[in-house]
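Reader: I would like to go through this model with you. Could you take my questions one at a time?

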Amino acid sequence: MKPTDRTFSLPGVLERIDPETEPLPVVFDSPHSGNRYPSDFDYAVTRDQIRSTEDMHVDELFAAAPRHGATLLRALFPRSYIDLNRGPLDLDESLLAGPWPEPLLPGHKTRNGKGLLRSQAMGRPIYARKLEVAEVQARLNRYYEPYHATLAAIIAERRRDFGAVWHVNCHSWSPPDTGRDGKPVRHVDFFLGDREGTTADTEFTELVAGFLRNLGYEVLVNRLFKGMELVRRHGRPEEGQHSLQIEINREIYMDKHGYHKLDGFAEFRAHMEGLIRYVCEYARDAL
Ligand SMILES: [Zn+2]
């Protein structure tokens, strides 16, 4: 992505790319595709192991958003450094060298090592040391909060100008080869999550699900990935502010072991551009 006057960036933290055409109240964000590893990360696994936690290529899949009137926000730092899709207190104290200054609220993802700070990558401990409280606070202040503040500002601007806004929070996941029962995992292409209709109008979620199903994809709604901090914090459907989480099965477009794009990448990216266009048309019609 070439920097332009429509691009605002905080180096190493985020990039905001505004519409090339007449703006519409649509925002796509890719919080987990960043791959610029901060020099103070000090992870103790290999580069390949740490990269397994990235939502690789997701920003590229949605790079066409500004061409259709939407704003695209993407994180540049990796989700393993600090995870934008967790609450700021969703933290495992055992990773820290000292006590956190306020009571923590570890959720179920943290108990599985996938909280604000990840504990493992490909089954290996990410850190060979405890993290200083001040170091984690610096990650919150320099990376996590600016991203959330930028997203909140984009959403507020669009809602101010149009009265409503649609935000699509974009992710990918890597299915395990087999489930807990040892059988192959049932094939699902997309999980959509609006936290049971609390972060987006059900009509909008169903519209996106219908679009993807028409392309032949298997789509489940509010199952397994129901939406986390980003849609929880920014989605308020009762105020016309809709946030939907979309999780894409990585096996559709990349090799999950070698990380390279599959031959069908361009075709799949065209499908995602179709989705972008569809959401933008929906927003235009709804105004
Ligand atoms: Zn993600």
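Reader: What share of the contacts in the protein chain with a separation of 6 or more comes from residues 24 or more positions apart?

Author: Such residues account for 77% of those contacts in the protein chain. Two residues are in contact if their C-beta atoms, placed from the backbone, lie within 7 Å.

Reader: Before we continue, what kind of model is this, and how are residues numbered?

Author: The model is predicted; local features need pLDDT of at least 70 and side-chain atom pairs count only at pLDDT 80 or more, while totals for chains, interfaces and linings use all residues. Residues are numbered from 1 along each chain as its sequence is written.

Reader: How does the radius of gyration of the protein chain fit a compact globule?

Author: It agrees, because a compact globule of 287 residues would have a radius near 19 Å and the protein chain has 18 Å. The radius is taken over C-alpha atoms, and the globule rule is 2.2 Å times the number of residues to the power 0.38. Along its principal axes, the C-alpha trace spans about 55 × 45 × 35 Å.

Reader: How many helices and strands are there?

Author: The protein chain has seven helices and ten strands. Both are DSSP runs numbered from the N terminus: helices are H or I with at least four residues, and strands are E with at least two.

Reader: In what order do the strands of the open sheet lie?

Author: The order of its eight strands is E1-E2-E4-E3-E7-E10-E8-E9, with mixed pairing. Strand E1 (7–10) and strand E9 (219–221) are the edges, each pairing on one side only. Two strands pair if DSSP finds at least two bridges between them.

Reader: Which residues of E2 are buried?

Author: Both faces of E2 (residues 14–17) are covered, with Leu14 and Arg16 buried on one side and Glu15 and Ile17 buried on the other. A residue is buried if 20 or more other C-beta atoms lie within 10 Å of its own, exposed if 12 or fewer, and partly exposed in between, with C-beta atoms placed from the backbone.

Reader: And what pairs with E8?

Author: E8 pairs with E9 in the parallel sense over three bridges, and four bridges join E8 to E10, which run antiparallel. Leu192 has Val221 in E9 as its bridge partner, whereas Phe190 has Ile248 in E10. E8, helix H5 (residues 202–214) and E9 make a right-handed β-α-β unit; right-handed means that, with the strands pointing away from the viewer, the path from the first strand over the helix to the second runs clockwise.

Reader: What does Phe62 touch?

Author: Leaving aside residues up to four places away in sequence, Phe62 touches Phe28, Ser30, Leu72, Cys170, Met272 and Ile276.

Reader: Where does Asp42 lie, and what is its phi?

Author: Asp42 lies in the loop between E3 and helix H1 (47–51), and its phi is near 60°, a positive value in a residue other than glycine. Most residues other than glycine have a negative phi.

Reader: Is Asp42 buried or exposed, and why?

Author: Asp42 is exposed, because 12 other C-beta atoms lie within 10 Å.
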